[in-house]
Structures are given as structure tokens and as C-alpha cells.
Amino acid sequence: MTNYVRNILKVYRRATRDDVVSGIEWYGRAKRAATSIADNTKLPVNTVIGVMAALSPNNRWERNVSDTETMCAAWINGDDLSDFKVSCYNAMKDKAWSILSDGLTEDDCILARLNGQKIRSFYSNIRGLDEVTVDGHALNIARGKREGLTSDKTNIGKVMYRELQSAYVRAAKRVGVAPHELQAITWTTWRREYAI
């Protein structure tokens, strides 16, 4: 755990001013993107954020937003699930579609449907709830080395997920930022450094 905190702080200390600003604003921008989709489709914003979270695993952010727009528009237009493509696993596409088809709007219901650790945390962060999203990038940052996200080395079990969340919370206390902001700041720094 101590090494995780140390490595997170090393990346944080390499953050440029732009990295810090981008990280602090990241989840707010994500919520604005979801709100824009909700406004355009007349769907509840929580529902849109649930779709966005479900479509997020191994999906670049820009593509995640585009896929969310595509799926929500398809739902509103009365299209079938097979009428459009998104860049994610079929199981995640099905999960996102089920959020729409079941009309889920409440946090508890959406979180239960999402059920995966990362996507539940991602939903919570975009909603503005107190959580730390841990993905393969966050694990790489905590370990202080880059591994491919499709490698078994970046699989995160429940115990490790909680350890990593705790490490981000401890590191955030040391530098006086919110844990989800620290995670986003270190991600924007990591992304810049590795041209991800």
C-alpha cells in the first residue's frame, strides 16, 4: 500500500498545470457531456450516465461519448439493439441497452445493474458521488509501471480494487485534493506522458 501511495504521488508531482486543471474538471465535463445527450434525447441524465458507464470498459473517452449518443438516439428512434454498432463488448452493449429498456433512473437501480466495480465507480464519479474509479491505468500509476490494459497483469479483483481506492484516498489527503480528482489528475498526466 505504501508503494502505491508513493507511486501515485510521484505521478501527481509530474502533473503540469494543464494536467491539474484538466483532472479537476474531468468528471464535471463528463457530466456535462451526459447532460447534453440527455437534453437532446429527453432521457433522464442518470439513465444516460448509466449507459455511458456501461459502454466505458476499454473504450476511449471520445468514442464512449459517441457510443452513448448513438445508443440513446437509437432508443429514442425505436431502433433495435442490432441496428447500430458501438465499440465495446456485446455484454456491455446489452447491459447499457437494458438500462434504457427498463427505464432505470434511480442511482441504486442503475448501480445494481452495472454491478462491475469500475463501471459502478465511474457512474458514481460522473454523478458527483464520493467514489474513486480504479481501472487498469490507475493500477499502472499505483504500481509505477505501464502494462497493457488487455494483459492479465492489469486485472483487478475486489480486494485489490479496495486497496487501490484506499491508496488514492490516502495520497489525496497528503496533497489536499479530492480522491476522484487525484485519480483524474494522475490519469491526465499518465495519458500525456505515454501519449495514450
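## Overall size

Along the principal axes, the C-alpha atoms fill a box of roughly 50 × 30 × 30 Å.

## Basis of the values

This is a predicted model, in which local features need pLDDT of at least 70 and side-chain atom pairs count only at pLDDT 80 or more, while totals for chains, interfaces and linings use all residues. Residues are numbered from 1 along each chain as its sequence is written, and side-chain values use heavy atoms, with hydrogens and water left out.

## Fold and contacts

The protein chain holds ten helices and zero strands (DSSP runs, H or I of at least four residues for helices and E of at least two for strands, numbered from the N terminus). Of its contacts (heavy atoms within 4.5 Å) with a separation of 6 or more, 62% join residues 24 or more positions apart.

Buried residues (under 20% relative accessible area, 1.4 Å probe, protein chains only) make up 49% of the 196 residues.

## Around K153

K153 sits in the loop between α8 (136–143) and α9 (158–175). Leaving aside residues up to four places away in sequence, K153 touches L139, R143 and E147. D130 is 23 residues from K153 along the chain, and their C-alpha atoms are separated by 27 Å.

Definitions and conventions. Buried means under 20% relative accessible area, exposed over 50%, partly exposed in between (1.4 Å probe, protein chains only).
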